[in-house]
Amino acid sequence: MKPLLYILCFMLLLGCMEENEEKIEQRFTVKLLSAPEVSQVGDALEFKFALEGNQTPMLLLENSTGPILFRPEVISGKATYRIEGKYTRRSGQYRWQLIANTERMLSGSFQLEPKKAPNKIETYFGPRSIRAGGTDYSMLVIMPTDVYDNPLSEGTQIEIVKQLDDKTSVAPAVLKDGFAWQLLYGEEKAGRMLVGASVNGIASKELTSIISPSNATDFTIVYERVHEFADGNQVISFKTDPITDRFGNVVSDGTLVNFIVTNTKGMRLQTSGTTLAGVATGRMLHPDEADQWAIEAFVTGEAKSQSISVSFVSSVADFDVIFSEDNRQMNIGPVIGFMDTLVPDGLQIQLDLYADSGILLETKTTNTQFGKGQFILEEGFFPNGTYKLKIQLAGLEKEFNRNLSSNEVE
Amino acid sequence: MKNTNSLLVLALFIGLAFHGSGIFFTLESTYDALIHLFFANHYADSWFEPWDYRWYTGFTVQGYPPLVHQTIAMLSYIGGLKFGLFTVGLLAILLFITGAYRFGLVMTANRRVAGYTALLAVFSSTFIETLHIFGQLPSIVGLSILLHSLPEIYMYIKTGKAKFLLTCLSLIAVTVTSHHVTPIFGMVFFIFPLIGMVVMDYSRDKVNSNKELTFGVFFRSFKFLFKRIVIFGFSSLVLIVVCILPYWINSKKNPITQVPIPHGSRDNFLEVTSSGLVFFLIPWGILLFLIPYIFYRFFSKRYLFFGLSMTMLTILGTGGTTPIPLKILGETAFNILTLDRFTLWATIMSLPIFGEFTYRLVEGDLKEYLQARFGAIYHRILGAALAGGVLFMVLFTMSLGYFRPSQPDKINMLPIVNFLNQDQHDHWRYLPLGFGDQMAWLSAQTKAMTVDGNYHSARRLPELTTRAIERLENSKFRGVEGIGSLQQFLTVPEKYNLKYIFSNDKFYDPILYFCGWQRLQQLENGILVWEKLNVPPLSSILAKDEVAQWLKIMWGIIPISTVLLAFCINIQFMWYRVLKSRKLAVPEYMKYTITYANFPKPLVLINHIWAILMVLILCLCIYVFYLHNDTQRSPENVIMAYYDALDFKEFERAHSYLDTENQVPISQYMLEVSVTDGILSSYAKLDAITVTLSKETELSAKATVYTKWVTPLERIEKTYFHDLVKRDGNWHIAPSHLNTDIPPDQLFSQTGTSFYNHGRRRVTTQQTHHEDVLKQPVLEVLSAKLVKFDGQYSVIGELQNVDNVPADVVVKATLYNDEDNELANYNAKYHMKHKLMPMEITSFKVNFEGIAWSQTQDTLPPTFDPDEFTPTELEEQPTKFNLQCAGNVANTDLYKAVAFQKMTLDEKRITGELFNSGIQEVTIPLLLVSYYDAEKNLIWVDHTFVQEGIRVQRKQAFHYNLMSMECVSLINSSLDNCFVNGLPNADIARKVIPDRNLNHAYLQLQPVSRPDYDFLKLELNSYVGNPK
């Protein structure tokens, strides 16, 4: 066992000694023979160096995407670094270093120009909709790039095409820092602005900005109805004239118009409509009693209409109430309307029931059917006694003082 | 043939045929099976990674022992998840029957009796319920393996041979990894009594007769066996801890913060009869008739400890019927454990005794006694009654899921899965509504994530853990609390990146609409997809709780290893037994066979009395049930039945309760029903009903019915009055008045502007092109204030869509204190119109609910009730606010054709009619009422849901009770910190409508003469349930 250990130790020592021998310093110099200075992207490049000494240095090439190391081809002391086209697709500044044994021997830099011919134009356009009036604008940003997606060189001429209101105009722009931009103003007329750009015959895609109408201006309203009677059944509609902005553009479809109706009691009733081709329509039922309405319409904050007034006359002249023997059942009607016909179904009848002391006990409502209505006062809820009964119908009112008495359970 | 038990073979044959084919029809609609399937899917996808992002915004699967899930996962590699599920189901059946047999053998030492035990196990209603209704596979597997381990434990303690220690421990390890609760409680309720029995047997060996077996003898034997018991007990404890160590660590790290979720097994079974049926009557089944015999046998000397255990289990299984379980378990355990498992164990424990009884009845001493005493016919009748009872329970339990489905109809998940996979929809979270437990099956099929989940012990979001709700998906069944919890998620979906909702239940539609969601499309399977605009997608890196590598490896490897090990160890003996290749010694426990002779005669009598008593109770129950359900026997009953019928939309039944003489024809009634719409008739669930009768005579009565309805929006209380009459002995309801209003014309036409927005203009999987991204509509905040009302903070204001396109609006308010520390943030819920036409204005109010506050612990009200908002007590008072409004182009739900008319106003209330002038039926109108002071400054915003819908071209009356503004105080009114689409509001106001005429808005206000305010504004938000 022991001899083997000695041999091992000896060999280990021998190994260490050899390492030490390597450390002896050696002279090594490099001389630049040729290096590229300005070139175009995609070109193959060549670096040549004269070497003295037996080391092979590496070439470190850095650009905006990162570093790459290259090995030389060494023939009789001359090192040639060939950089293929696929490594030079990025335009801009490149820096190179020759490195031997982690030591920088030489360094330099060169510029790669983008291709002259554009390949594609990237464009961004926004906002996608602006307001008419000529003060609002969209901004077009143009980035023409070469076949390797490098922005074209500074000063490249760009043509911006704009189509607005059937007129096409072309404006020049110049590339700066890789892109060009321009503010494109709308006009007083609403419509659509189409824009695009071209460089050396290469065109961008077509982009759009909608020029939407500006704020609404005051407008007028009218009403339409079948007759003037307050039958609570027919529909009255309020219509605006085409609402426009101050440039004469019809406001956008869907703009909300509020119609506020003030009746004689001072209540504000309301309906609303959305515009279609500038016209908004609001609908409401006729009242069921005589009334005088004042109507105004609003595009709130921007515009309002004039005030118009509409009057309704009562459709019912009078009505009958027939009580049962115990006064617990009331039959109202037949109620006759303005043409001496039965009123339409659904006319509301209201019964206010007061105790003898004058306190309101309950309000009951029903609707006419075939011109008639009925109330039944159940004994369970209204014990026997004297009550004041007030019946209202189409704005008419009748009052009775009746004594409710016992009846059979129905 | 001596050792091959024909009864066992028969039991296995029938069991596999019956249950094996049954599970294909039942298992998928059970409560739990699909949850286990989801877990299995998790393991199949990532075996060693315990974190799953798909539920509860991420949770760990280390909260449940993994063996069954991992087995299904492993089998799924062969034939898919469902193949795995059913294979494990079949294995569970096999293990259970053989387990019951071995348990029977160790208990009775009689192969014949054990055979009967196995046969009865097949038909035991408790097993059927656990498997076919609850789907608790891990529980069954755990219990079955535990039963298998019992003979081995017996043998070890009796003989002390290491071989048996190895076998029993290997089986206990499998039990532990399949179900955690089983071995822990199994230790107490099965193994301790078994040890007691061993000691008893050991003592019996020392003496000559049972009489001589005194406590002293027993104690000496116990001392002798103590070492073995300790070795076994300690090793089992080590296994319980080590085998699922990650589980224990996880439980320690994430203690269950969940507030107790009500479970039927904790109910008082006498009060909640449905729980009594499911958790007491069905599991016990036919055993109920044999209780005297079972307890008589269990309290014999040998089984004494089983008797104690059995008594305990029986009592614990009664849930909240008596206060004893609560006292024994303590508040915490009582509220965490589901107590049905105790009944399960009790009934399984009684199986050998039931087997023994059957043996004695069929071929033993009982048969002889009965035939001698009552004759052969009576014996046969008795046997047939018993068999019939067993059969009835089997059929009843199996059909329970058919007649009372616990789940919605089976949903075809493919369209949903496809939808989630399309167009990057899985970059957002989704939420299923009304899916039942099938939501787990949906989750298993997709990588998309949901905020909901189906394993509530694993929840982490305080929004969920502080609510006693099972799932958001079925929140309507938890009443106001459930709906409240759901509303929080719907109001602030941005917080959870929740963008899509799959609705299988129309009930939730209104709340979705009023929270600002919109309908996207209906999938082929009828599921309606809702979406919310302005929700950011999930970030590509999501947070998770990391656990140590070694825990992950343990979790992934140990469970399956325990099975392999147990298999290797035990199969050898099984092999010997089956092939008889080597002669095996007769097991120790087989020495204690008793000869069944001289069936105790008093017991026959007692059990007869008991059985008759049970039959009487049963009849009484049926009679009470009949009285209670005889719908027209009393005025209360008919009212209850009528509202029950309305609640379940059984209109034909409802119609049958109406007065026969003044009756509306059924066709007329159905027509009237079909034209009524609104929140109460279409979206409400009856929560409580009280009937008071007045003027009750022999033949007539008046009923005042106070009802409480849970609607998706809020709790509604409504009082109805009915006249009741009695005709031919039956009570009837007098029909009520119907509005006879008719519109002037038959046909209407309407023109209008409609909008369409392409999902993707270009069919591409890339990001949407820059020019296809729509500009966000510009909004302008007209006023914004921080106010305090009744101790509650709100941000109110008005906002206008000043763009040319309709806008969907989201308003988010944040509160700050004087030091600019954020206190709370929340979104406007339904106190606003979420969809605005160009130039439309909405008032809005943001209330700060539970989860909005940053220190949830201090400020959170204990339970959320949308009606009774608990004001939050804060040390720091909010003094400033920030308002972020976002507009997105809207193209749906833009119905504005409702007019206010015929209004009257007094000091207390405003009444009027709403007229629907358009051609869509408005299902639920929401009335927003804003209060203004004399200078027309906004003071407060309030709301009310009009309870009836508005039909096309018709009017609907409404009324609103005016509030007092005396308790509103203004804290801050400013437009400084208001932003629209991220831009300052002031810039927008300056640019878009520079010369705004404020008078326009003022002219539209309704003057009112009140001391505390001077003007009102009414606005309407119309929900159209079925857009045409």
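Predicted model: local features only at pLDDT ≥ 70, side-chain atom pairs only at ≥ 80, totals over all residues.

**Entry 1: chain A, its domains.** I began with a distance: the C-alpha centres of domain 2 and domain 4 of chain A are 75 Å apart. The division of chain A runs domain 1 (29-113), domain 2 (120-212), domain 3 (221-314) and domain 4 (321-404).

Entry 2: I picked one residue to look at, and A:E159 turned out to sit in strand β13 (residues 157-164) of chain A. Is A:E159 buried or exposed, or something in between? I counted 16 C-beta neighbours inside 10 Å, so A:E159 goes down as partly exposed; buried would have needed 20 or more. Leaving aside residues up to four places away in sequence, A:E159 touches A:V170, A:P172, A:A197 and A:S198. I also checked A:V174, which is 15 residues away from A:E159 in sequence and 8.6 Å away in space, C-alpha to C-alpha.

**Entry 3: a sheet in chain A.** Next I traced an open sheet of three strands, ordered β28-β29-β32 (chain A), with antiparallel pairing. β28 (321-323) and β32 (373-376) of chain A are the edge strands, each pairing on one side only. On average, neighbouring strands here are turned by 20 degrees against each other, direction ignored. Strand β29 (residues 329-332) of chain A runs antiparallel to β32(A), and four bridges join them. To place the pair by eye, I looked for A:Q329, which stands opposite A:I376 in β32(A).

**Entry 4: where the chains meet.** How many residues of each chain are in contact with the other? I have 48 residues from chain A against 48 from chain B. On the chain A side, β10 (120-126), β18 (207-212), β22 (256-262), β23 (268-274), β24 (281-285), β25 (291-299) and β31 (360-367) each supply at least two residues. The largest share is from β23(A), with six residues. Sorted by class, the side of chain A that touches chain B has 17 nonpolar, 22 polar and nine charged residues.

**Entry 5: chain B as a whole.** I moved over to chain B and listed its secondary structure: 32 helices and 27 strands. The C-alpha atoms fill a box of roughly 110 × 75 × 55 Å along the principal axes. I also noted that 46% of the 1028 residues in chain B are buried. Of the contacts in chain B between residues at least 6 apart in sequence, 72% join residues at least 24 apart.

**Entry 6: domains of chain B.** The domain list for chain B reads domain 1 (6-406 + 585-591 + 603-615), domain 2 (414-531), domain 3 (630-733) and domain 4 (774-1023). I took the pair of domain 2 and domain 3 of chain B, whose C-alpha centres are separated by 34 Å. Their contact takes nine residues from domain 2 and eight from domain 3. On the domain 2 side, α22 (479-491) and α23 (509-514) of chain B are the elements that give two or more residues. That side divides into seven nonpolar residues, one polar and one charged.

**Entry 7: a sheet in chain B.** Last, I followed an open sheet of four strands in the order β7-β8-β9-β10 (chain B), paired antiparallel. β7 (685-694) and β10 (730-733) of chain B are at the edges with a single partner strand each, so one side of each has no neighbour in the sheet. The twist from one strand to the next averages 30 degrees. β7(B) pairs with strand β8 (residues 700-710) of chain B over nine bridges, in the antiparallel sense. In that pair I found B:A688 opposite B:K708 in β8(B). Helix α26 (residues 635-647) of chain B lies across β7, β8, β9 (715-727) and β10 of chain B, and runs at about 155 degrees to β7(B).

Key:
Residues numbered from 1 in each chain as written. Chains lettered and ligands numbered in written order. Contact = placed C-beta atoms within 7 Å. Nonpolar A, V, L, I, M, F, W, Y, C, P; charged D, E, K, R; others polar. Pairing = 2+ DSSP bridges. Axes fitted to C-alpha atoms, helices over the stretch in contact; angles between N-to-C directions. Domains from an automatic or database assignment. Buried ≥ 20, exposed ≤ 12 C-beta atoms within 10 Å, placed from the backbone.
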